[in-house]
Amino acid sequence: MELTQITKSKNKLQILSHLGIQEVKDLLTYYPSRYTVTVETPWNEFRKNEKVCFEATLISPLKTSYYAKKRSVTRFTVIYEEEELQVSVFNRSFLKVPAGCDHVFISGKYEGNHKVVASTVNFKPIEEQLGIFPVYPLKDGITQSELTKYIQKAITLYENKIVDVIPQRYLEQYRLISKEQAIQAIHFPKSKELLEQALRHLKYEEFLKFHISMQVGRAQVSEYSHKETRHFDQEKIEHFISQLPYTLSNDQQKAIIEILEDIQRPQVMYRLLQGDVGCGKTVVAQVAMYATVLSGYQAVIMAPTEILAKQHYESFCKQFPKLHITLLCGSLKSKERKVALEEIASGHSQMIIGTHALFQEDVLYANLGLVITDEQHRFGVEQRRRLMRKGDAVDLLLMSATPIPRTLAISLYGDLDVSTINELPSGRKRTITKVIPHNSMSYILEDIITYLQQGTQIYVITPLVEESDSLNAKHAQGIYESLSKVLALYGKVGLLHGKMNNEEKDKVMNAFVHNEIQVLVSTTVVEVGVNVGNANVMVIYDAERFGLSQLHQLRGRVGRANQQGVCYLLSNSQDPLAKKRLKLMEKTHDGFEIANEDLRLRGSGDILGKRQSGANGFILGDIVVDHKILEVARKDAIEIMKNFEDPEYRMLRIWLELSDKQRYMD
């Protein structure tokens with residue numbers, strides 16, 4: 001169904017396209033990123049510095065005063081539940097009281113002493129404004145109300161046409177509402193309970209689809225599960241390990257033994273290697289690839305970004321100067337790409353390093369034996385499958401720095417083998433983490449200047465790229481402009497964010513790697529980035545806005561050359577839970593413990609607050625918070641696959657046939 005049935009505006013259609021909305025049905029699954037709740041606050045529940053919402057009687061005219069370049073404050077007095085309140089609202093000079101109206105709706109913060117600073121003031125009846133309201137991620141040129149109207153139109157157009165993918169028996173067993181009800185409720189929830197029911201349905205469906213896809217993929221792998229026994233010179237492996245400039249940890253050695261045994265077995269390897277940031281997974285991958293090459297096969301490692309792929313390429317070339325190693329990524333010029341494809345197809349290339357370009361149709365391998373995906377959660381199931389199909393009986397090693405418990409890893413990835421590295425390499429120091437109860441660098445500016453004078457490079461992380469009207473948070477552009485002036489005498493400041501193209505990102509990162517930039521202001525794109533040995537300090541603004549595991553990933557970027565890393569977490573949040581979570585980062589350095597503690601502190605999650613959209617690669621589900629739903633979906637998927645041709649699974653089969661478009665775990 002074409003979007004012209006929703007709007008005829010070419011400008012709006014273009015904006016919707018940029019949001020990933022190409023058809024009417026895409027509006028149905030363009031889910032809110034969070035919800036706001038408007039509930040009337042009785043006077044006896046007014047608390048200082050907390051949000052209040054009420055309808056009051058206006059007893060004074062609106063008086064507006066101007067200051068500082070057309071900024072204004074409007075003040076007036078109201079009566080609410082027999083209490084007289086002084087209300088102030090900033091930059092609303094256009095407010096006018098409708099004729100004959102003596103009631104005003106107010107939402108804002110109570111400051112004590114009968115004073116309220118309002119964020120919303122209008123003269124609509126309060127009954128029209130109470131409830132749960134979705135907030136969608138947007139681009140300039142479209143408003144929340146416009147998108148909400150489009151979604152309502154889409155739901156109307158699809159009335160009685162939304163079919164349940166979840167088999168009827170599971171809908172009944174888990175008392176799930178229908179898919180149509182779930183879509184209606186997630187966009188227009190009439191109650192918190194109905195919203196919870198919608199999320200239960202949609203999360204379970206998402207996990208069930210994922211596990212069905214995984215089971216089908218595993219069945220396809222099992223068809224080619226037998227391979228020729230691969231032999232390699234163990235002494236050459238031992239020599240390679242012995243000449244490393246550091247000693248491998250016990251966990252690294254154990255993981256290498258497990259992987260080498262898998263490579264030599266007559267069954268295809270299907271293993272997950274997980275470990276904390278900086279634990280040394282890359283060298284384990286190098287050993288696996290070297291053993292595969294020694295056995296006469298090509299080995300591939302796929303990275304999620306070109307920055308990381310190029311880092312691997314440079315590292316591998318230094319480690320294996322006698323092997324022919326090829327880099328294949330999207331930025332290669334046509335002549336360079338042609339040469340790379342010829343080298344790979346002829347077998348001249350022994351190790352191949354790249355990005356998504358590795359599994360494109362025109363990439364042919366002479367004798368592919370091993371596929372490794374780095375930061376595997378960023379790749380879809382189908383993407384991995386397409387790369388494995390490039391060879392016959394290809395071993396697969398998935399690497400992940402996302403710390404999750406072993407039981408959860410098995411539930412998420414199926415019955416694959418799991419190797420875990422808990423130890424840090426010898427010589428590497430734990431990053432010192434300091435929580436600063438302010439959201440300004442002025443409190444640590446002297447330390448920052450001292451580090452720069454000592455020659456240390458610094459990361460500065462912000463949650464936003466640009467200023468946002470809806471979020472009160474620091475943004476990269478503003479911090480970059482500010483620090484460029486403040487630190488001009490001590491170093492050059494660079495800017496990196498996700499809106500830049502790959503060429504721009506590479507240029508900035510290369511400048512940082514070569515110490516041409518001393519302070520890098522960035523969003524979380526550095527979470528998986530190059531290894532900058534001289535960058536030993538990180539400053540994170542609005543730290544409470546990040547998940548603990550994400551903060552742990554970010555701080556793992558510093559102190560990577562056996563230097564002492566320092567991470568400052570800036571936050572002025574007064575929320576007790578936020579403070580407790582950040583204090584945990586000061587005390588704990590074990591990523592697995594952090595993930596488990598984060599789950600305990602967050603509980604089932606606040607569905608009416610900011611939702612971690614896309615967390616762990618899923619659209620709605622969170623593999624940590626929703627681990628019970630994930631495990632149930634896996635059990636059901638295994639049961640379904642035993643009799644997949646049964647008529648009751650028809651909709652799942654239809655979905656699977658169209659699943660080339662699905663990108664779970666991308």
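Modeller: Gladly, and let me start with a term we will need: a polar contact is a pair of N or O atoms within 3.5 Å, where, within protein, one must be able to donate a hydrogen and the other to accept it. Please keep in mind that this is a predicted model.

Biologist: Then what makes the pairing of the Arg555 and Thr433 side chains a polar contact?

Modeller: The distance between them is 2.7 Å, and the cut-off is 3.5 Å. Arg555 also has a polar contact of 3.2 Å with the side chain of His552. Arg555 lies in helix α17, which covers residues 548-555.

Biologist: Why is Arg555 called buried?

Modeller: Buried means under 20% relative accessible area, and Arg555 has 3%, so Arg555 counts as buried. Leaving aside neighbours within four places in sequence, Arg555 is in contact with residues including Met538, Cys567, Met585 and Ile594.

Biologist: How do you know which side of helix α21 holds its buried residues?

Modeller: The buried residues of α21 (residues 650-657) are Leu652, Arg653, Trp655 and Leu656. They cover an arc of only 160° around the axis, so they sit on the same side of α21.

Biologist: On to cysteines. How many disulfides are there?

Modeller: The count is zero. A pair of cysteine sulfur atoms would have to be within 2.5 Å to qualify.

Biologist: And what makes Cys53 buried but Cys101 partly exposed?

Modeller: The limits are under 20% for buried and over 50% for exposed, with partly exposed in between. Cys53 has 2%, so Cys53 is buried. Cys101 has 24%, so Cys101 is partly exposed.

Biologist: Now the rings. Why is the pair of Trp43 and Phe46 called tilted?

Modeller: Planes under 30 degrees apart count as stacked, over 60 as edge-to-face and the rest as tilted. Trp43 and Phe46 have 50° between their planes, with 5.0 Å centre to centre, so by these limits the pair is tilted. Trp43, at 19%, is buried, and Phe46, at 7%, is buried as well.

Biologist: What makes Tyr174 and Tyr204 an edge-to-face pair?

Modeller: Their planes are at 65° and their ring centres 5.4 Å apart, so this pair is edge-to-face. The pair links distant parts of the chain, 30 residues apart: Tyr174 is in the loop between α4 and α5, and Tyr204 is in helix α6. With a relative accessibility of 4%, Tyr204 is buried.

Biologist: Which aromatic residues form one cluster?

Modeller: Trp43 and Phe46 again, together with Phe54, Tyr80 and Tyr110. The structure holds 14 aromatic pairs.

Biologist: Which residues in the largest nonpolar core touch the most other members?

Modeller: Ile212 and Tyr365, in a core of 47 residues. Helix α6 (residues 192-223) gives this core its largest share, seven residues. A second, separate core has 40 residues, among them Leu248, Ile256, Ile325 and Met399.

Biologist: Why would nonpolar side chains be found together like that?

Modeller: In soluble globular proteins, nonpolar side chains tend to be buried together.

Biologist: And the chain as a whole: what is its secondary structure, and what share of it is buried?

Modeller: There are 21 helices and 21 strands, and buried residues make up 52% of the 666 residues. Of the contacts with a separation of 6 or more, 72% are between residues 24 or more positions apart.

Notes. Residues numbered from 1 in each chain as written. Predicted model: local features only at pLDDT ≥ 70, side-chain atom pairs only at ≥ 80, totals over all residues. Heavy atoms only, no water. Buried < 20%, exposed > 50% of the residue type's maximum accessible area, 1.4 Å probe, protein only. Helix = DSSP H or I, 4+ residues; strand = E, 2+ residues; numbered from the N terminus. Contact = heavy atoms within 4.5 Å. Arc of directions from axis to C-beta. Core = buried A, V, L, I, M, F, W, Y, C linked by side-chain atoms within 4.5 Å. Phe/Tyr/Trp six-rings, centres within 6.5 Å; stacked < 30°, edge-to-face > 60°.
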